Amino acid sequence: MKKRDYNPRIVDDSVEKYLNTFGAVCIEGPKWCGKTWTSRHHSKSEYLVGDPDNNFQARKLAEMSPSLILEGETPRMIDEWQEVPPIWDAVRYEVDRRGEKGQFILTGSSTPKTKGILHSGAGRIARLRMRTMSLYESGRSSGMVSLEALCSGELTPTLTGDVDFNVIVDSVVRGGWPATQDLPLKDAALLPGEYINAIVDDEVHRIDGIQRDTRKVMLLLRSLARNESTTVSNRVLKDDVKATDDEDIDVNTVATYLDIFSRLFLIENQEPFSSNIRSSVRIKQAEKRHFCDPSLACALLRATPDRLLHDLNTLGFLFESLCERDLRIYAESFGARLYHYQDYSGREIDAVIELNDGDWCAFEIKLGANKIDEAANNLNYLKARIKNDGGNPPKICCVISGLATAAYQRPDGVFVVPILALRN
């Protein structure tokens, strides 16, 4: 890749900020999300640990002398460092020795065992999470509405244009993989399936060297796909595998596999939010389950565009996952964090964005414009209830819609924003 051909990513600003603050930056995330391209864009030299040339000579050299591969113009990129975990300690030591900022950029598509890594790297190596492309990065969102400005209560009413329903479906099935954005959808949809196959056949074993039952791994992945954007427990996943596929799997095995999926950045759950809500209603503490990209759930469910058009319920869950992936990317670019809210009275808020100053914003996600009223009423009900209980109500309430044609504020104060108009 030539640097002039680089497609800018939202994480770029964070990479530059971290390089100016820390001795090294570790960019982590799922395979094929663009980590190497982004790291190369910000580096002046590189070492590719996984390069297969000369019988994987690069990896062998890294194993023999991790410090030797650190020599080069800085920032120096070390790609897929987790293939040789001692590289981490070598980088930490070299950062201390040089005493300078922005020396190294590490990339990693899995979190290795901590055994053998002597130091955490705290204060020297900053971790930065990278994800697949948001709709704005892939050019599907016009970017007319800034999430950061919206969370401050700023929105200029504007017509955003008619929405082609097929664009929404395409975005869910295609996903945010950089390499497939210009391919026909039929071809692009092959990548998520191959990604899953690579995880099941190779990566699950490589992460700790233990051979596992690939059939059970696949069955659990399919159960996660059926439960995308829900808060089901590990026991429910176990029962779902048994009921749907007639295969028994115990809860401990489920927990072990989920930990592996997390370490491979295959899944990224949405944590529950409650820190600024005081209410008489008890708040659930279950995480909302997500794959790192909605296209993976599509691949596991064999959800083609035609099938999704005839199963709007499933499409709704996948659309929610798509929006929450983007909200997370946009929010983290300005230091905010993404959560969800769910209480035992049955009330939910699909997405909560907590700002640096402790304020928070509430978002409901609806595919169809006909659901905007219902979503707005739910947000206003919860806002009033939290306020009446003496809690800290949301700073703003907003409905993210798939098919809305304008960004505006309703008379009841709730904002409405089309996902295809949103950016960071």
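Modeller: To begin at one helix end, α14 is followed by Gly335, whose phi is positive, near 85 degrees. Keep in mind that this is a predicted model.

Colleague: How far apart are the end C-alpha atoms of α14, and what span should its 22 residues give?

Modeller: Helix α14 covers residues 312–333. At 1.5 Å a residue, its 22 residues should span 32 Å. The end C-alpha atoms agree with that, being 31 Å apart.

Colleague: Is helix α12 largely enclosed or largely open, and which of its residues are buried?

Modeller: Helix α12 comprises residues 294–301, and six of the eight are buried, so it is largely enclosed by the rest of the structure. The cover over these buried residues includes α6, α8, α9, α13 and α14. The buried residues themselves are Pro294, Ser295, Leu296, Ala297, Cys298 and Leu300.

Colleague: Which residue just after α12 takes a positive phi?

Modeller: The place to look is directly past the end of that helix. With a phi of about 55 degrees, the residue there is Arg302.

Colleague: How do α10 and α11 pack, and what is the make-up of their contact by class?

Modeller: Helix α10 (residues 234–245) packs on helix α11 (residues 251–263) at about 105 degrees, with the axes 9 Å apart. That angle makes α10 roughly perpendicular to α11. Asn234, Arg235, Leu237 and Lys238 of α10 meet Val251, Val254, Ala255 and Leu258 of α11. By class, the contact has five nonpolar, one polar and two charged residues.

Colleague: Which strands stand at the edges of the open sheet of five strands?

Modeller: The order is β2-β3-β4-β1-β5, and the pairing is parallel. Two strands have a single partner each, so one side of each is left without a neighbour in the sheet; these are β2 (45–48) and β5 (125–129).

Colleague: Within that sheet, which residue stands opposite Phe104?

Modeller: Phe104 is in β4. Strand β4 (residues 104–108) pairs with strand β3 (residues 76–79) in the parallel sense, over three bridges. The residue opposite Phe104 is Arg76.

Colleague: At what angles do α2 and α4 run to β4?

Modeller: Helix α2 (residues 35–42) lies across β1, β2, β3 and β4, while helix α4 (residues 86–98) lies across β1, β3, β4 and β5. The angle to β4 is about 175 degrees for α2 and about 165 degrees for α4.

Colleague: Which residues stand opposite Val416 in β13?

Modeller: Strand β11 (residues 396–401) runs parallel to β13 and is joined to it by four bridges. Strand β12 (residues 406–409) pairs with β13 in the antiparallel sense over two bridges. Opposite Val416 stand Val399 and Tyr408.

Terms used
Residues are numbered from 1 along each chain as its sequence is written. This is a predicted model: local features need pLDDT of at least 70, side-chain atom pairs count only at pLDDT 80 or more; totals for chains, interfaces and linings use all residues. Side-chain values use heavy atoms; hydrogens and water are left out. Axes are lines fitted to C-alpha atoms, for helices over the stretch in contact, and angles run from 0 to 180 degrees between N-to-C directions. Angles under 35 degrees count as roughly parallel, over 145 as roughly antiparallel, 65 to 115 as roughly perpendicular and the rest as oblique. Contact means heavy atoms within 4.5 Å. Ala, Val, Leu, Ile, Met, Phe, Trp, Tyr, Cys and Pro count as nonpolar, Asp, Glu, Lys and Arg as charged, and the others, Gly among them, as polar. The expected span of a helix is 1.5 Å times one less than its number of residues. Buried means under 20% relative accessible area, exposed over 50%, partly exposed in between (1.4 Å probe, protein chains only). Two strands pair if DSSP finds at least two bridges between them.
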